[in-house]
Amino acid sequence: FNFAEAWIFMFLPLLLADKRVRDFPKLALWSVAMFLTNVFLLPYIAFRFKQPILETKEEPKKGILERIFGWMGLIVGVTAISWLFIGRPEFGDVNQKIAYFMTQLNSSRVVIAFAVDIFLFAIFQIVLMSSIIPSNSPQRPLRFIPFFGLAFWLII
């Protein structure tokens, strides 16, 4: 849950940098997406494909907002991943925790929903970053690194 929330948190600067969709309440979309995740991002992605393609000549300038969102998302995401390894040792070692997760993935709708969210976030990240980062930028490959690529792009 926290990992997925950290990822969607970092999408705000990405959505704001997306110039392909103009006059769209991106802040409102992101605000509800923080609680209902891909339910609102999926229609946004579909809507943006109907918009004309803009040639990205230069990478958008990133300020303090982008860096704060990048660092906060990275810290929360790394903490969530670390918790898998070091948190709640009474629940067993990593193998037991992963086995439990796999059983939950087969039976719990909530776990399935978050797994689908994380999968879709990776796709959305590639799509949005592809349109924002110019093709000649050395940072362009970051779009293919789920979560961490977005965090590092926001930070640097």
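**Helix packing and core of a predicted model**

Reader: At what angle do α4 and α7 pack, and how far apart are their axes?
Author: Two packed helices are described by the angle between their axes and the distance between the axes. For α4 and α7, the angle is about 30° and the axes are 11 Å apart.

Reader: Which residues of α4 and α7 make the contact, and how many are nonpolar, polar and charged?
Author: From α4 come Asn-38, Leu-41, Leu-42, Tyr-44, Ile-45 and Arg-48. The partners on α7 are Val-116, Asp-117, Leu-120, Phe-121, Phe-124, Val-127, Leu-128 and Ser-131. Sorted by class, the contact comprises ten nonpolar, two polar and two charged residues.

Reader: Is Arg-48 buried or exposed, and what is its relative accessible area?
Author: Arg-48 lies in helix α4 and takes part in the contact with α7. Leaving out residues up to four places away in sequence, Arg-48 touches Asp-18, Arg-20, Val-21, Val-127, Leu-128 and Ser-131. Buried means under 20% relative accessible area. Arg-48 therefore counts as buried, its relative accessible area being 1%.

Reader: What separates the C-alpha atoms of Arg-48 and Val-76?
Author: These two residues stand 28 residues apart along the chain. The separation of their C-alpha atoms in the model is 29 Å.

Reader: Which residues in the largest nonpolar core touch the most other members?
Author: In soluble globular proteins, nonpolar side chains tend to be buried together. The largest nonpolar core here has 36 residues. Those that touch the most other members are Trp-7, Phe-11, Leu-14, Leu-41, Phe-121, Leu-150 and Trp-153.

Reader: Which helix gives the most to this core?
Author: At least two core residues each are supplied by α1 (2-9), α2 (11-17), α3 (26-36), α4 (38-48), α5 (64-86), α7 (109-132) and α8 (148-155). With seven residues, the one that gives the most is α7.

Reader: With which residues is Leu-41 in contact, leaving aside its neighbours within four places in sequence?
Author: Leu-41 belongs to the contact of α4 with α7 and is among the core residues that touch the most other members. Beyond its sequence neighbours within four places, the contacts of Leu-41 are with Ile-8, Phe-11, Leu-15, Leu-29, Ala-33, Phe-121 and Phe-124.

Reader: Which residues of α8 are buried?
Author: α8 is mostly covered, with six of its eight residues buried. The cover over these residues includes α1, α2, α5 and α7. The buried residues are Gly-149, Leu-150, Ala-151, Trp-153, Leu-154 and Ile-155.

Reader: Why does Phe-147 count as buried?
Author: Phe-147 is placed in the loop between α7 and α8. Its phi is near 65°, a positive value in a residue other than glycine. The cut-off for buried is under 20% relative accessible area. Phe-147 counts as buried because its relative accessibility is 0%.

Reader: What is the phi of Arg-88, which is not a glycine?
Author: Arg-88 is located in the loop between α5 and α6 (94-107). With a relative accessibility of 39%, Arg-88 counts as partly exposed. Its phi is positive, at about 50°.

Reader: What separates the C-alpha atoms of Pro-52 and Val-21?
Author: Pro-52 also has its place in the loop between α4 and α5. Pro-52 is exposed, with a relative accessible area of 55%. Along the chain, Pro-52 and Val-21 are 31 residues apart. Their C-alpha atoms are separated by 8.7 Å.

Note on methods:
Residues are numbered from 1 along each chain as its sequence is written. This is a predicted model: local features need pLDDT of at least 70, side-chain atom pairs count only at pLDDT 80 or more; totals for chains, interfaces and linings use all residues. Side-chain values use heavy atoms; hydrogens and water are left out. A nonpolar core is a set of buried Ala, Val, Leu, Ile, Met, Phe, Trp, Tyr and Cys residues joined through side-chain atoms within 4.5 Å. Buried means under 20% relative accessible area, exposed over 50%, partly exposed in between (1.4 Å probe, protein chains only). Helices (H or I, at least four residues) and strands (E, at least two) are DSSP runs, numbered from the N terminus. Contact means heavy atoms within 4.5 Å. Axes are lines fitted to C-alpha atoms, for helices over the stretch in contact, and angles run from 0 to 180 degrees between N-to-C directions. Ala, Val, Leu, Ile, Met, Phe, Trp, Tyr, Cys and Pro count as nonpolar, Asp, Glu, Lys and Arg as charged, and the others, Gly among them, as polar.
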